[in-house]
Amino acid sequence: MPARNEFSRMTDSSDDTLGGRLSAARDASGLSLADVANRIGVKRESLLAWEADRSEPGASSLVDLAGILGVSPMWLMTGLGTGPIQETGDLPLEALKLDLQRLTDAHRECARLIDKIARQIETYEEGHERRRKAGDLDGPVMGRA
């Protein structure tokens, strides 16, 4: 399977039934009815009936379909879970803004942690230097007269 560099999760009002989700996932995968039917070992008409909500696949066929189409079986059944990936360079503007905000927040948090660790190191080094100057690095001297 080729690597997917840019993607967004597809959502659509037609995804409110098993057949609609199945059809959307198949469309997103770029596979034909015949391709998917051949891969799971059913007639093209059976797959078409599933997509039209005239019948439903059995549990094993549902799991096979999910694997072939790159979605979770739960998503096919309920619409919750991992849905199809639509390869595109056109992520919605709001999604891009949200990703940018997340990265900005992560950058700020990294900077805060870097400053905190740098201060801790400085404090440790200052204490170490004070002990060294005081001759306290060797610990208490025992047995000397």
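Q: Is H1 mostly covered or mostly open, going by how many of its 12 residues are buried?
A: In this predicted model, H1 is mostly covered, with nine of its 12 residues buried.

Q: Which ones are they, the buried residues of H1?
A: They are Leu18, Gly19, Gly20, Arg21, Leu22, Ser23, Ala24, Ala25 and Arg26.

Q: And what do the buried residues of H1 pack against?
A: They pack against helix H2 (33-40), helix H3 (44-51), helix H4 (59-69) and H5.

Q: How far does H1 reach from its first C-alpha to its last?
A: Helix H1 covers residues 18-29 and reaches 16 Å, close to the 16 Å expected at 1.5 Å a residue. Just after H1, Gly30 has a positive phi of about 80 degrees.

Q: Moving on to the largest nonpolar core: how many residues, and which have the most contacts inside it?
A: This core has 18 residues, and those with the most contacts inside it are Leu22, Leu47, Leu65, Leu69, Val71 and Leu76. At least two residues come from each of H1, H2, H3, H4 and H5. The most is given by H4, with five residues.

Q: What does Leu69 touch, leaving out residues up to four places away in sequence?
A: Leu69 touches Leu22, Ala25, Arg26, Ser29, Leu31 and Val36.

Q: New topic: how many salt bridges does the structure hold?
A: There are five salt bridges in the structure. One of them pairs Arg26 with Glu51, with the closest N and O atoms 2.5 Å apart. That pair links distant parts of the chain, since Arg26 is in helix H1 and Glu51 in helix H3, 25 residues apart.

Q: Are Arg26 and Glu51 buried or exposed?
A: Both Arg26 and Glu51 are buried.

Q: What about Asp105 and Arg108, how far apart are the closest N and O atoms?
A: In that salt bridge the closest N and O atoms are 3.9 Å apart. Asp105 and Arg108 are separated by about one helical turn because they are three residues apart in helix H6 (residues 93-133). Asp105 is partly exposed at 39% relative accessibility, and Arg108 is exposed, with a relative accessible area of 54%.

Q: Which residues make the nonpolar surface patch of about 320 Å²?
A: Met74, Met77 and Leu80 make this patch.

Q: Where is Leu80 placed?
A: Leu80 lies in the loop between helix H5 (73-78) and strand E2 (85-87). With a relative accessible area of 60%, Leu80 is exposed.

Definitions and conventions. Residues are numbered from 1 along each chain as its sequence is written. This is a predicted model: local features need pLDDT of at least 70, side-chain atom pairs count only at pLDDT 80 or more; totals for chains, interfaces and linings use all residues. Side-chain values use heavy atoms; hydrogens and water are left out. Patches are made of residues with over 30% relative accessible area and no salt bridge: like charges are joined within 9 Å, nonpolar side chains (Val, Leu, Ile, Met, Phe, Trp, Tyr) within 5 Å. Accessible areas come from the Shrake-Rupley method with a 1.4 Å probe; for residues, only the protein chains shown count as cover. A salt bridge is a side-chain nitrogen of Lys or Arg within 4 Å of a carboxyl oxygen of Asp or Glu. Helices (H or I, at least four residues) and strands (E, at least two) are DSSP runs, numbered from the N terminus. Buried means under 20% relative accessible area, exposed over 50%, partly exposed in between (1.4 Å probe, protein chains only). The expected span of a helix is 1.5 Å times one less than its number of residues. Contact means heavy atoms within 4.5 Å. A nonpolar core is a set of buried Ala, Val, Leu, Ile, Met, Phe, Trp, Tyr and Cys residues joined through side-chain atoms within 4.5 Å.
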